[in-house]
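Please look over the model below before reading on.

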Amino acid sequence: MNFDEIKDRRDLYTSKWGRMEQFCGVSPDTGIAMWVADMDFDAADCIRDVLQANIDAGFLGYGYHTDDVCAAICGWMKEQHGWTVSPDWIRFSHGVVAGFANVLATFSDPGEAVILFTPVYHAFFSKARAMGREILQSKLVLRDGQYHMDLDALAAQLTGNERIVTLCSPHNPGGRLWSADEIRALAAFCETHDLILCSDEIHMDLTFPGARHIPTAVAAPEATPRLVTFTAASKCFNIAGGETGFVIIEDAALRARYDVIQGDRGSSPNRFGMQMTKAAFTDGAEWSAAVRAYLAENFALWRNRIGALPGIEVMDMSCTYLSWVDFSGTGMTPKETTGRLHSAGIAMSPGAQFGDGGEDWHRFNIAMPRARLEEAIERIEGAFADLQ
Ligand SMILES: Cc1ncc(COP(=O)(O)O)c(C=O)c1O
């Protein structure tokens, strides 16, 4: 484990570096990629070993849904999150967003609405729109530097066309860990308004030392008859190229409905993703603890320096590596702050992508070797030097 090592990964078909020029207008030769949510770190040895065994065997063909991967997931959920999951509640998908699409197809029809607490992960919008679903944006409220759901305001927005609420827990962007009380209040809201509650917990294993993620199923077991959780090892173990996520549905009737769509759309799971998931959840705890400690230190450095720039506020976070930064105090338009960052070779994610409330913000991926992060910080300080 050497998270300080800087490696050149530009020629490996990586989305983060390979599409940076196209999407951000920043050259990968001179710029720093702070957008796509991959970490610039080597994956754990236990994961690379299982891939190597496949290479050595020379076999790169199909896989299947295996009980031992489910057993590894159940073991991890119990040990790390205090959640007792039964293997038969698990359904694999080609990534979490694909699981989200299955959930939309199962529990809503075109023209019906999904509720998103914004600003939030942008693929929820693109997938829902691509599937002809309406989106009701419930703007998160900033209080004491943290986001909060405003369920009273949301109740007033409802039209009766809504079918699904998606909770991003931990929240992306902003790294917010929702409390058990907040989750319970949302579960009660879903019950009152007869909504399916989808909990995206893909960032569950990126809590900083001392912080704790509470699965929705643990915080609000009463939500079981309407609860679908989707998650993966991909984000937290840096193996998203394995395109493997899974949906956990405890309620048998909900699961039966989901299985109809999964049967329609499903194909065999990604064989490499399955093996990587098993390795991560069986032997990855040490790597996971080390990467979180490193990320927490990166965040402390980042917040101290970027947060010291006049007019720029870094949202405090205790989870994820996706730092959410408010530029509204600079008095500049989003176009100007974006232009300055891009000119400095910083390829971040513009806040408007994340929906209502994100316009004046930008999201920065800080999961990189410390020396590279220092360089990114210096570039940003330089880009806004006139504010000093
Ligand atoms: C909240 C959230 N859900 C889902 C995903 C993507 O999941 P997948 O690549 O498995 O589709 C991301 C990626 O950053 C994310 O932040």
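**Helix α14**

The model is predicted. Helix α14 spans residues 334–343. Its buried residues are T337, T338, R340 and L341. Viewed down the axis of α14, these buried residues fall within an arc of 165 degrees, so they line one face of the helix. K335 and S343, on the other side of α14, are exposed.

What covers the buried residues of α14? The cover includes strand β13, strand β15 and helix α15. The table gives their residue ranges.

| Element covering α14 | Residues |
|---|---|
| β13 | 346–347 |
| β15 | 361–365 |
| α15 | 370–383 |

G345 follows α14. The phi of G345 is positive, near 80 degrees.

**Aromatic rings**

How many aromatic pairs does the structure hold? There are 21. One of them joins W302 and F364. This pair is tilted, with 5.1 Å centre to centre and 50 degrees between the planes. W302 lies in helix α13 (residues 285–306), and F364 lies in strand β15. The two are 62 residues apart, so the pair links distant parts of the chain. Both W302 and F364 are buried.

Notes: Residues are numbered from 1 along each chain as its sequence is written. This is a predicted model: local features need pLDDT of at least 70, side-chain atom pairs count only at pLDDT 80 or more; totals for chains, interfaces and linings use all residues. Side-chain values use heavy atoms; hydrogens and water are left out. Buried means under 20% relative accessible area, exposed over 50%, partly exposed in between (1.4 Å probe, protein chains only). Helices (H or I, at least four residues) and strands (E, at least two) are DSSP runs, numbered from the N terminus. The arc is that of the directions from the helix axis to the C-beta atoms. Contact means heavy atoms within 4.5 Å. Rings of Phe, Tyr and Trp (its six-membered ring) pair if their centres lie within 6.5 Å; planes under 30 degrees apart count as stacked, over 60 as edge-to-face and the rest as tilted.
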